[in-house]
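Student: I have a structure to read and several terms to learn. Could you go through them with me?

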Amino acid sequence: MFYIHQTTCISPQQTFGEVNIKVLNQPAGHQLKVIEPTYGGIPPGVLRRMSKAVRTGVGAAIPFFNQSPIPDGIIIGTANAGLEECFHFLKQIVDYNEGLLSPGSFVQSTPNAVAAQIGMLGRNKGYNITHVHLGLAFENAMTDAGMMIKEHPANNYLLGAVDDISLYNHTLNLLAGWFKAEAFAAGELYELNSPGSIAGEGAAMFLVNGNPVNAIAQLQAVGTVHADDVVTIEQQLKHFLHRHLPAGEKIDVLISGENGDNRLQKYYASCEKIMSDEAGILRFKHMCGEYPTASAMALWLACHIFQKNPIPRHMVKKNLPQKEFKNILIYNCYKGAQHSFMLVAPG
Amino acid sequence: MGRIFITGMGLISAVGRTVAQNREALSGGSCGISSPELVPTKYAGILPCGEIKISTEDLRHQLNATETGTTRTSLFALHAFEEAISDSRLTPGQLTSFDTALIGGSTVGGMCLTDELYRDAQQTRKGSAYINSYDSSAVMMYLQERYKMRGIINTINTACSSSANAILYGARLIKNGLARRAIVGGVDSLAKFTINGFNALHILSASVCTPFDQDRKGLNLGEGAAFLVLEKEEDIVNKKLYAELTSYCNSNDAFHASSLSDEGDGPYLAMKGALDLAGLAPGKIGFINAHGTGTENNDLVESRAMLRLFNRVPPFASTKSNIGHTLGAAGAIEAAYSILNLYHQEIYPGLNCLIPIAQTGLLPVESYKKISLQHVMSNSFGFGGNCTSLVFSKS
């Protein structure tokens, strides 16, 4: 589908600038929050008015506009960028009984504010789109990027995802039972055998194009499924692998979206079951928490691994991959209803 | 690559609950903008809106939508979706096929329940029945679940051009072989949230909007939904062909979060890009369904962009003078209107424009006309500089 040439990631771990994911940062209370950089590339006056999702999204994107090749378009996946501002505005409406309100939060309450700000600061008048389909927002953005590159083979695109924890989306998800109520250490996430995960957030950006030369990784395929029965998902995964995995090859490493929610474990178990015994199995949600576009963090990690960086112990569930390997499968599931598969190979 | 045609449409707006009712209303120059009676806001008597005069409960009952947590937005979407799939005679097998995509645009989503959302977000113990319905993806998830759809499902939010981009995206899925057919559209319902938001920006008019008039006072918000069924030429047997979806372009104005640049680079590039993709000379466009919100900024900039691109600006009008600005639904509703223009070879008058804008001198179409049309352009521009133009052609 496309080649990945550069990446950035702002996450709860040390992933932006000087990367060090060997040390595992712990959650603060019930949440894994991003380490925000100083945002050197954003004018201070503009930065002050940005919500957190816009800040992290734009912060992760700006480096791409200061180096060649400059993106020809911007394709973002986000489920809840803008929600924080949306609630600020809601609160104003209620507190002032629909009185005289300041429009700042309203303007920033739309999820396309991230792609729009990137376009504005990067002076980019090309294709600009925001996919918001919840747990598949990033996957749909990836499909879009794949199509754009097929349609415009010489172009470069900024593909990315961002979601943040705001007080309100945290409350809504907690009420709906998607987060564990108790506090725990990051390493314990997979051991608690209880419903719910841990809230997380992050932004990851990728420069993608059709050029294999010096690429970090190749995204071979992305697949999405809306279903909640394990059998359908397993069938779809097998079909996906049959269709996209080159003949005679197997999955060397599975990056699993396992998130500590025991209600979702059956999906991840069924995916692990169809891997070979030698396949390495890695997990990442203890690093970034659960959020609708967390799979972008997994793709960033796949790229990081393909750049010959060591795989930290805390990611390994089974078989730390020792030697050269080729095919990484990312399987992620959001709230049991939306599932995605990504097949990634070295560049 | 084969051509893509529209084989079915569904539409609900303030001037009609079916495609046929909408056509009749537009032909007669009807205006559905009135004092809101259903959306709970203190601006009800002050700011007119394109409100659909059916209560959410009646709509739910009429559609037999008994699922918990369905919002007014989801119900409008269902209403238009059902009309579109029945118009196109899609079979249940086609609907659940892995190669049928569903792509929708929405900005308000479940936030039409502004007060409920606020209450839920303050709760500490138990959420309401709507707790999973607020996301803007909730509408497409609802349709997907109700019809057990299995192809690519997507929600796009580029503010007021959301559903124009949903149409563009569905067409590209088909062209890239990722879907065989796509049901594409958009929906939004009136909300205390958006009424207050646009009011805070001082761009809502206290009277019925007057797109492209020198003395325009702003926009009126509206609500509604539209869906189109897109199919590949080679798959279509014995079906009504409303029009061909010929071309599209998405460009960004990269200027300001909530207003367009003076020269209108975004609108210009979107319109020009759509012409270029189809290899059409500007003179081939017979009519433009303009974005034409009725705000100071949009109408002037859109006029300038049209003057920049066209030697002679083709006949144009804004149907926002009939139904208000339906935000995330606008692109799809106006696409359906453009398709009606082509299918019936007629153009509908833009209402309430008396004096053309001094700087540009452009006057929208003033009366209903039968006219020979080959290509119609539909413009949608949104906050964040998100501009998209679509071109439909006579089938």
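Tutor: What follows is a set of questions about the terms and the values behind them.

Tutor: This is a predicted model, in which local features need pLDDT of at least 70, side-chain atom pairs count only at pLDDT 80 or more, and totals for chains, interfaces and linings use all residues. Residues are numbered from 1 along each chain as its sequence is written, chains are lettered from A and ligands numbered from 1 in the order in which they are written, and side-chain values use heavy atoms, with hydrogens and water left out.

Student: Why is A:H339 called buried?

Tutor: Buried means under 20% relative accessible area, exposed over 50%, and partly exposed in between, with a 1.4 Å probe and protein chains only. A:H339 has a relative accessible area of 0%, so A:H339 is buried. This residue sits in strand β11 (residues 338-346) of chain A; strands are DSSP runs of E with at least two residues, helices are runs of H or I with at least four, and both are numbered from the N terminus.

Student: What makes the approach of the A:H339 side chain to the backbone oxygen of A:A227 a polar contact?

Tutor: A polar contact is a pair of N or O atoms within 3.5 Å; within protein, one must be able to donate a hydrogen and the other to accept it, and residues adjacent in sequence count only if both atoms are side-chain atoms. A polar atom of the A:H339 side chain lies 2.9 Å from the backbone oxygen of A:A227. The side chain of A:H339 also reaches the backbone oxygen of A:G336, at 3.1 Å.

Student: Which residues does B:F316 touch, leaving out those up to four places away in sequence?

Tutor: Contact means heavy atoms within 4.5 Å. Among the residues that B:F316 touches are B:F212, B:F287, B:M306 and B:L363. B:F316 and B:L363 are 47 residues apart in sequence, and their C-alpha atoms are 8.1 Å apart in space. B:F316 lies in strand β8 (residues 316-317) of chain B and has a relative accessible area of 2%, so B:F316 is buried.

Student: B:F212 and B:N238 both have positive phi. Which is buried and which is exposed?

Tutor: B:F212, with phi near 70°, has a relative accessible area of 0% and is therefore buried. B:N238, with phi near 50°, has 70% and is therefore exposed. B:F212 is in the loop between α8 (192-200) and β5 (224-232) of chain B, and B:N238 is in the loop between β5 and β6 (243-252) of chain B.

Student: Why are α7(B) and α12(B) called roughly perpendicular?

Tutor: Angles under 35 degrees count as roughly parallel, over 145 as roughly antiparallel, 65 to 115 as roughly perpendicular and the rest as oblique. Helix α7 (residues 162-175) and helix α12 (residues 330-344) of chain B pack at about 65°, with axes 5 Å apart. The two helices are therefore roughly perpendicular to each other. In the contact, B:S163, B:A164 and B:I167 of α7(B) meet B:A330, B:G331, B:A332 and B:A335 of α12(B).

Student: How much area do chain B and chain A bury between them?

Tutor: Buried area is the accessible area (1.4 Å probe) that two parts lose on being put together, summed over both. For chain B and chain A it is about 4900 Å², 63% of it on carbon and sulfur atoms. The contact takes 63 residues from chain B and 50 from chain A.

Conventions:
Axes are lines fitted to C-alpha atoms, for helices over the stretch in contact, and angles run from 0 to 180 degrees between N-to-C directions.
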